[in-house]
Structure formats: structure tokens, C-alpha cells
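Please keep the sequence and the structure open while reading.

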Amino acid sequence: MSTAAAAPATVRKRRQLGALWLAAPGLAFLAVFFVYPVAQLLGLSLWNAETGFSTATYQRIGATDVYLRVLGITFRIAGYTALASLVIGYPLAYWLARMPELFRGRMLLFVMIPFWTSYLVKTFAWMIVLGRSGLINTLVLGSGVTDQPLSLLHNEFGVMVGMVHAMVPLAVMTMLPVMSGIDQRLVQAAQTLGAAPARAFWLVYFKLSLPGVTAAGLLVFISSLGFFIVPAFLGGRRETMLAQLIITQVQELLNWPFAGALAAMMLAAALLSCWLYDRLFGLSTISGGAAHEGSGLIRTLGLKILGAIAQISAGLADLSRRILGKRGNGMLLPAFAWLAIAFLVLPTLLVIPLAFTSSQFLEFPPPGYSLQWFRTYFDSPLWIQATIRSFAVAFATALAATAIGGFAALALANSRTRWGGLIFALFLAPMIVPRIVIAVGLFYLFARIGLVATDLGLIIGHTVLAIPFTMVTISAVLKTYDQRLDQAAATLGANRLRTLGFVTIPLVKGGLVAAFLFAFITSFDELTIAIFVSGGIKTTLPKQMWDDMILQLNPTLAAVSVVVFVVVTSLLLLAERFRRAN
């Protein structure tokens, strides 16, 4: 009996090990082009060519007020961005979660399109809206509210608007899966037992959604730490962030040890945030897993805080019902949700008429309409070469990332070993580690092996960033895939390769196409890697936009922004169609 029982266990163990081998190419790729460059960059911060091991760079940071002030600004802006994104994103996600699934999918596009739209396009849009001669100041001055333009740009207000606009979609998309999985009958049961609606919401629904809320806050905070596009164009000197200092140290001063020290501090903040989140909820909740309970003290304190919030909310809800009535009170959430959607969508849409302006300058509304700026774009060899290179690099990146992420997702879906969590974390890490850290690490590595200013260097860097998106997309599809179909094929004599090619891939091809398109968009819109790896020669479309925006805003940029927006939106709609059809 013992021998008979041991045989199936041995077969299962062999199958699990065999499945994990599918992740080997991806693990090797990330080890060489992600783990090693980042570790090498961090090691440079502790090395002096003359004395060897040294902490001089960290001592210099600690002794210089400017650097400490930039650190404080970075953490403060990232924290405020996370908080504001949750305040705006939570009601929007709650509204979407209560919708029927079909209508929710359509409405979610209003969130996903701004999420995937290039940061450069969104920042360009806010420069038009918030500038001294922008849309808001034109309306304010024209209505006679004030005789002086409002100062909305090149300050912390401008930075916060741009960063919150960029991060709200990420917060919503992180919270929504958790909220959609909450049984609404639990809140109804609490109300049936005598709990007020506000108390039932805070102590039942909000408590169950808390892992999604904190995961959203974590991802937004970490992403915000590495921002440099928004503060560079919407902020001033007082809003300089850590990523901007790193770029200066590398591109202008070639001070690698100091850049490594700044990158180490940014990475340490990201890892500390992940550690705290893991201690409270468990990192598995980011991918949809169950949360573990915190300690008794934290749990008790949290319940007391939620109870106080519930009591205050109940009073405010009662006051709102008295003033607005039951029907008016019920319209508050949809009204807020539509305002949030308008905040996400309208700024980018305002760029479209400016691309067709007949004026030589950016002014809204346009005095007339013309196609001259699109002709300028299509007649420019520089813009066309950058566009073609972006398409070619994005296509190659999408192929590589889909293959690597697909095999990794398949490996994790078919194995139940203790290594699964570690492998998943490694493949997800490029999404968590700030992009500026990855970009500088790759730049240092590529400079030594001759991959700077090459298309291959761009493809490798973009693939590192795209792998998490492809793996998560394909993993979501494989969760609903019936593994017994593979077992049936094996029973009929098919080997693993034939089973993969004739059974698994055809059945999940919708998810594979969606992953391919998401990876394509990730590469097509990517700027951080391009700034360093392109070397100013192999310019991509976002890099060319960056260079032009630094010099001067002009209607040609509006035309290019429309091209980028149309490409990204079309691919996103196509990706969603394939993902839902799977």
C-alpha cells in the first residue's frame, strides 16, 4: 500500500518540477537584465575606487540639506498622491463594483484608457489646461472672476493634479477586483440585524475591501516615488523629486556612486512599504489572494477607528437626507463617479482640437482648423523614424514579453510548490521597483557591453517592464482554464509540446493576444528606459516628444499626442475585446 501511495506522489512531484522549468527562461532573463543591474547599481553606492568599501555617498546625502529636502519632498508628494488617489478612486471603484458586469466592463474603459495613455500626453494636456493662457485661466479671466491669471502651474498644485490624474486609474483597477468579489448580501444582512447603513458599510463592506485599498495605496505610493515627467513639466524647483536628481547625476555629472545611493534610498522606501503591507495583509492579496489577519492590537485599534468613522458618516448621511431628500442623496455617488471620470478623460480629449488648430501657437479654443500640424509630423523624417522605431521595438518587446510571461504563468498554474510564491514575486518585481532604478541600472550595464543606442537594448529594457503585465494577464485567464483538458490529451498519448500547441494555446489565445497588446502598449508609451538607453540616437516617439517638450510647446506636439492617443486607445479596446472573449 505504501509503495502504491508513494508512486502518485512521485509523479505529482515530477510534474510540478517539470512545470517550473517553463519559468526558467524568464528567471534567467530577469536575473541578467533586472536583478544583476539593480544590484550592481546599489553596489556602486558603497564602493570607492581608491578606498574600496565606503559609505561616503550616504554621509554626503545625510550632511546636505538639499538632498534631504528632496527626499522629504519626494516622500511627501508620493504620500499625498496615494491619499488623494484613494479618496477619489474608492467611490469610483465602489460605484463600478455595484454595476452589472456587462455595463461595468464598458464603464471601466473610461478608467483604463487614461491609465494606458502616455504620461507625456497627459502631462501635455495639463500644461494646456493649467497654463497662464490655458483653458482654466481663459475661462476665469473671461468671466471676470479675477483680473490676474491664477498660478496653477510650476508649483505643488500642478504636480499634485498631474500625479493624481495619472494614479487614480491604477488605484481603481487595484481596488475593483477586491470590491467585485464582496457579497453585497453581507451588508444587507448587517442592516437587517439593525445596523445603520453607514455603520454596515464601514464595518462590513469597507473592512472586507481594505486589502484592496491598502494594495492600491502601496502601488500608487511606490509608483509615485519614481515620477519625473510630471514634476519636470508641471512643477518648479521646489517640487524637484528624487528621480530628477538621479537623472542629473547620471546624464550631466556621471556620478554613478551618488546616483546609486539615491536609487538605493528610493528602493529601500519601496521595499519597506512592501514589507509593512506584507506584515499587515500579505502580498498575495495584490494578485487576488486572501488576506491574513493582523495582530490583535492592530485589529482592535482599526475597529475602533472604523467605528468612529461610521458614527460620523451616519450623522453626515442623515444631514444629507434632510437637505437633499432620499432621491437627491442617492444621486451623490453617481454624480461623484461621473465627475471623477470627467477628471480622468476630459484633459486628454482637449488636446484633440488643438492638433487641428490653424494657429502657430497653442490657444484654446483654436481660432481656426487646419491639418498643417499633421503634415508637419508626417513630413518630418525625425518624427517618422521615431514612430517606426517605436512600432518595431514594441512589436519585438510584445513577442518576447508574452512568451516569457506566458510560460511563467503556465509554470505557476501547473505547480504547487513552495517556490511558487518566490517566483511570482520575482516576475512581479519590475512592476514594484521604481522604473528609474531599473533604467539607470540597465544603462550602466549596457554601457559596458555596447547595447546603449541600440534597438536590442531598448527591446531588452522594455521587455523587463512588460513581463509583469503579460504574466498577470495570462495568469488571470489560466485561473478559469480546465487543467483536465491537458490531462485528457496526455492520456490520449500527446506529449507536453503537442498538448501545449494543440490544446492549451488555442483555448487561451484570447488572453495571449490581450497580453501581447498590453506589452505592446507598455513599450510604445515607455520613456524612462528610452531616455537612458536610446543614447540620443535611437530615438523613440516618447523620447522625441520629451525632447520637444523641453524645448518648446507647439501644435506639432498636439498632433503627435493625438497619434499616440489613437494608437493606444485602439490597441487597448482590441486587447479588452480579446481578453473578455477568451
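1. On threonine 387. Threonine 387 sits in helix 18, residues 381-413, where helices are DSSP runs of H or I with at least four residues, strands are runs of E with at least two, and both are numbered from the N terminus. Threonine 387 counts as buried because its relative accessibility is 10%, the classes being buried under 20% relative accessible area, exposed over 50% and partly exposed in between, with a 1.4 Å probe and protein chains only. Once neighbours within four places in sequence are set aside, threonine 387 is in contact (heavy atoms within 4.5 Å) with Tyr377 and Leu541.

2. On the source. This is a predicted model, in which local features need pLDDT of at least 70 and side-chain atom pairs count only at pLDDT 80 or more, whereas totals for chains, interfaces and linings use all residues. Residues are numbered from 1 along each chain as its sequence is written, and side-chain values use heavy atoms, with hydrogens and water left out.

3. On the whole protein. The secondary structure comes to 27 helices and 2 strands, and 51% of the 582 residues are buried. Among the contacts with a separation of 6 or more, 76% join residues 24 or more positions apart.

4. On serine 45. This residue lies in the loop between helix 2 (24-44) and strand 1 (47-48), and serine 45 is classed as buried because its relative accessible area is 1%. The side chain of serine 45 makes a polar contact of 2.7 Å with the side chain of tyrosine 58. Beyond neighbours within four places in sequence, the contacts of serine 45 include Ser54, Thr57, Pro257, Gly260 and Ala261.

5. On the nonpolar cores. A nonpolar core is a set of buried Ala, Val, Leu, Ile, Met, Phe, Trp, Tyr and Cys residues joined through side-chain atoms within 4.5 Å. The largest has 177 residues, of which Leu92 and Leu96 touch the most other members, and helix 4 (residues 65-97) gives the most to this core, with 15 residues. Leaving out residues up to four places away in sequence, leucine 92 touches Val111, Val172, Ala337, Ala340, Ile341 and Leu344.

6. On helix 8 and helix 15. Helix 8 (residues 156-180) and helix 15 (residues 332-349) pack at an angle of about 115°, with their axes 10 Å apart; axes are lines fitted to C-alpha atoms, for helices over the stretch in contact, and angles run from 0 to 180 degrees between N-to-C directions. Val161, Val164, His165, Val168 and Pro169 in helix 8 meet Phe343, Leu344, Pro347 and Thr348 in helix 15.

7. On proline 334. Proline 334 also belongs to helix 15, and proline 334 is classed as partly exposed because its relative accessible area is 21%. Although proline 334 and proline 91 are 243 residues apart in sequence, they are 9.0 Å apart in space, C-alpha to C-alpha.

Conventions. A polar contact is a pair of N or O atoms within 3.5 Å; within protein, one must be able to donate a hydrogen and the other to accept it, and residues adjacent in sequence count only if both atoms are side-chain atoms.
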